[in-house]
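Thanks for coming. I will talk through one structure, starting with a helix and ending with aromatic contacts.

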Amino acid sequence: MSTPATIQARVDSLLRNLPPASFAFVMASGITALGFRIIERDIISLTLLYCGIVGALLLVIATAGRLIRHRANVISDGQNPTKTFGFFTIVAAANVLGAYLSSAGFTGIAVTLFIVAALIWLVLTYLLPASILFGHGERSVMSDINGSWFLWVVGTQSVATACAITAPRFHPELLGSAAVGLWGVGIALYLLVATLVTLRMLINENSPTNLSPTYWIYMGATAISVLAGSRILLLPDELPIMATTGAFVSGMSYLLWALGLWWIPLLIIFGVWRHGVRRVPLKYEAALWSIVFPIGMYSVASMFYGIEKDLSFMTGLGQVGIWIAGVVWLLSTIAMLRTGMRWWNHGDREAAAKSTTTSSGV
């Protein structure tokens with residue numbers, strides 16, 4: 001049985017090893033909840049939303065505790081090219097929850113989340129790349145580049161989406177222009193990151209360990225760019241920024257949607273190679289949320305853009321996709337809970353064995 005000391009030790013271990021990308025669970029839950037809201041499956045939608053909110057609250061507390069108790073680990077993660085862009089999940093998670101709450105009429109809470117996310121993004125978008133550029137010394141970071149770098153794009157496009165959602169209510173010209181500008185920055189970052197990630201895959205060996213589910217963000221980054229574009233297209237046509245860029249946003253969003261669809265079969269091949277050919281066991285890993293979120297985001301983006309442009313095939317694909325995202329979310333959650341229970345029980349067994357050894361005088 002767990003004692004207060006063992007519980008404290010385990011909590012401290014969780015805080016010390018908390019992944020920077022832990023808010024991906026909130027991203028996955030929030031976007032899947034929004035998708036089910038669009039197709040009017042309210043019970044499923046609210047269940048997912050509550051899971052996302054509870055997860056967000058727990059992770060905020062855990063992140064604050066980690067900053068207080070294990071600040072050196074946080075700084076180390078911020079300087080680690082394989083992990084550092086995971087911090088952008090904080091930005092995307094806040095904006096995804098904000099998007100849902102805004103659609104449900106909770107404007108004040110949504111705007112608060114948008115502002116907090118924008119401020120965090122502003123710090124991270126310059127601090128993290130700078131730490132990589134100036135902190136690697138003579139060692140190349142090329143071998144450290146992975147799919148998590150696309151979270152920089154995801155975070156940026158989530159801020160663009162937040163600006164587009166908020167613009168009709170507050171300062172349309174300013175926020176509308178900011179939304180389009182950030183959307184363009186996000187696309188440029190996608191091209192940059194996609195080039196770097198693809199080069200790494202071509203230059204370095206692709207081991208089963210390296211080819212993790214984070215590569216699904218290849219597709220997820222295009223999907224959230226489509227979502228941001230679809231929200232921008234809802235801005236009034238009389239805004240000067242829409243008169244200047246509206247047609248480009250519309251056309252580019254569709255091309256990005258097509259690119260995302262093209263990625264899906266290749267990403268499935270990656271998974272088959274990893275688990276079927278190289279025999280990596282199928283088990284829970286935090287990177288699984290990097291599959292749930294892109295599928296959910298692609299489905300939501302397809303429905304929003306399809307409705308806006310009256311493209312029924314996109315809307316239908318999104319409606320089917322959100323059920324797939326829901327199933328993958330459920331399987332990932334079950335795997336996460338089972339893994340957590342095994343980890344906790346394993347700690348209890350270790351404590352019992354230690355106690356027995358001590359009492360026997362060994």
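This is a predicted model: local features need pLDDT of at least 70, side-chain atom pairs count only at pLDDT 80 or more; totals for chains, interfaces and linings use all residues.

Residues are numbered from 1 along each chain as its sequence is written, and side-chain values use heavy atoms, with hydrogens and water left out.

First, α11, residues 289-309. Helices here are DSSP runs of H or I with at least four residues, numbered from the N terminus. The expected span is 1.5 Å times one less than the number of residues. For the 21 residues of α11 that gives 30 Å, and the end C-alpha atoms are 30 Å apart, which agrees. Of those residues, 18 are buried, so α11 is largely enclosed by the rest of the structure. Buried means under 20% relative accessible area, exposed over 50%, and partly exposed in between, with a 1.4 Å probe and protein chains only. Just after α11, D310 has a positive phi of about 60°.

Next, the second largest pocket. A pocket is an open set of points on a 1 Å grid over the protein atoms alone, with protein on both sides within 12 Å along at least five of seven lines; lining residues have an atom within 4 Å of a point. Its volume, the space filled by probe spheres set on the points, is about 870 Å³. It is lined by 36 residues, and W216, L288, I291, I295 and V328 are the closest to its centre. Helices α10, α11 and α12 each give two or more residues to this lining. Which of them gives the most? That is α12, with twelve residues.

Now the rings. Rings of Phe, Tyr and Trp (its six-membered ring) pair if their centres lie within 6.5 Å; planes under 30 degrees apart count as stacked, over 60 as edge-to-face, and the rest as tilted. The whole structure has 15 aromatic pairs. F25 and W289 have ring centres 5.0 Å apart and planes at 80°, so this pair is edge-to-face. F25 is in α2 and W289 in α11, 264 residues apart in the chain. Both F25 and W289 are buried.

For Y254 and W257, the centres are 5.7 Å apart and the planes at 25°, so that pair is stacked. Both lie in α10, three residues apart, about one turn of the helix. Y254 is partly exposed at 30% relative accessibility, while W257 is buried at 4%.

Technical notes
On a 1 Å grid over the protein atoms alone, a cavity is a set of points where a 1.4 Å probe fits but cannot get out, and a pocket is an open set with protein on both sides within 12 Å along at least five of seven lines; lining residues have an atom within 4 Å of a point.
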